[in-house]
Structures are given as structure tokens and as C-alpha cells.
Amino acid sequence: MLRPVTDPDGAPFWGYTARGELRVQACARCGELRFPPRPCCPHCQSFESEWRLVSGGGHVWSYVVPHPPLLPGYAELAPYNVVVVELDEAPRVRLVGNLVAGPGEPIDSLPVEGIRIGARVRVVFDDGLPRWVLERP
């Protein structure tokens, strides 16, 4: 399976997820949360930043179900989902991942028929990667 490619701006994000924390880069001057991480704030052009812990709650903003032909390791798991999650604390911050049946479950563990745009989700971590599970009402 593919692993994230880190750059200097994104490396702290992956360091936090490896510890089971979801943190988002924020401008230390104007406070705007931003993702993906970058050196300059798109709102006030400040180069000052910090990493803020967020709850990991959000909702499915969009999703796709890839079908073969895919990379060999992924083709064996198809069909699976790739979701875009909009975070509660930052409506303009959207993270890509997979919706799974539970912590540690594979990316094909949730039937794709059960995914709905707007569904409430929360983050879980699997080997340092953020994944998402449905919140139960």
C-alpha cells in the first residue's frame, strides 16, 4: 500500500498522526486553519504558523468508489471508498481518507452502499494514517 510522501511543510502533520493526534496547521497571526500545510497563510500572508489539535469530528463532504484497473495492491480490495471529510472546526479544511467499519479494519470493510454525503464521522488512526468511522447517533 502507498504511504504518504512527506515534505517539510507536511511532515509535522504525519508526525502527529503517528502519535494518534489530528492536528491542523494554523496561522499564528490571524488564526485561520489551513490544509494542506504550507509556509504562507493564504489569508494574511504571514509565515508564522502553529499546529492545533482538532476533535477529529466532521462529515462526509464527498466520496468516490474506485474500480479496477488500479494499482495491484488496491485492485484486490476493490470496491472500496475514498472519502473527503470536512472538519467541524474548520469548514474549509477537507481531508482525504477511507471510511472503515472500525479501528484497524481494512479500507474495504464498510459496504459502499452505506456511505452518504453528510454522514457524521470521526477520525481513527491505523498505522499513523487517519481513517474515518461513522458516528453512531
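Reader: Hi! Starting with arginine 3: what does its relative accessibility count as?
Author: Arginine 3 is partly exposed, at 45% relative accessibility. Buried means under 20% relative accessible area, exposed means over 50%, and partly exposed lies in between, with a 1.4 Å probe and protein chains only. Keep in mind that this is a predicted model, where local features need pLDDT of at least 70, side-chain atom pairs count only at pLDDT 80 or more, and totals for chains, interfaces and linings use all residues. Residues are numbered from 1 along each chain as its sequence is written, and side-chain values use heavy atoms, leaving out hydrogens and water.

Reader: Thanks! Which side chain does arginine 3 meet in a salt bridge?
Author: That is aspartate 127, with 3.5 Å from N to O. A salt bridge here is a side-chain nitrogen of Lys or Arg within 4 Å of a carboxyl oxygen of Asp or Glu.

Reader: And which parts does that pair tie together?
Author: Aspartate 127 sits in the loop between β7 (120–126) and β8 (129–134), while arginine 3 is in the segment before α1 (11–18), so the bridge ties together parts that are 124 residues apart in sequence. Helices (H or I, at least four residues) and strands (E, at least two) are DSSP runs, numbered from the N terminus.

Reader: Is aspartate 127 buried or exposed?
Author: Aspartate 127 counts as exposed, at 62% relative accessibility.

Reader: How many salt bridges does the count come to?
Author: The count comes to 10. Among them is glutamate 135 with arginine 120, whose closest N and O atoms are 3.7 Å apart. Glutamate 135 lies in the segment after β8 and arginine 120 in strand β7, so this pair ties together parts that are 15 residues apart in sequence. Glutamate 135 is partly exposed at 32%, and arginine 120 is partly exposed at 34%.

Reader: What about arginine 52, which residue does it form a salt bridge with?
Author: Glutamate 50, with the closest N and O atoms 3.0 Å apart. Arginine 52 is partly exposed at 31% relative accessibility, and glutamate 50 is partly exposed at 33%.

Reader: Which residues are linked in a network?
Author: Salt bridges link Arg19, Glu21 and Arg23 in a network.

Reader: Switching topic: where is glutamine 25 found?
Author: Glutamine 25 is in strand β1 (residues 23–27), and it counts as buried at 4% relative accessibility.

Reader: What does the side chain of glutamine 25 reach?
Author: Its side chain reaches the backbone nitrogen of arginine 38 at 2.8 Å. Leaving out residues up to four places away in sequence, glutamine 25 touches several residues, including Leu33, Pro37, Ser49 and Trp51. Contact means heavy atoms within 4.5 Å.

Reader: Zooming out, what does the secondary structure of the chain come to?
Author: Two helices and eight strands, following the pattern α-β-β-β-β-α-β-β-β-β along the sequence. The radius of gyration is 16 Å, close to the 14 Å that the globule rule gives for 137 residues, so the chain is as compact as a globular protein of that length. That radius is taken over C-alpha atoms, and the globule rule is 2.2 Å times the number of residues to the power 0.38.

Reader: And what box do the C-alpha atoms fill?
Author: Roughly 45 × 35 × 25 Å, taken along the principal axes. Buried residues make up 39% of the 137 residues. Among contacts with a separation of 6 or more, 53% come from residues 24 or more positions apart.

Key. A polar contact is a pair of N or O atoms within 3.5 Å; within protein, one must be able to donate a hydrogen and the other to accept it, and residues adjacent in sequence count only if both atoms are side-chain atoms.
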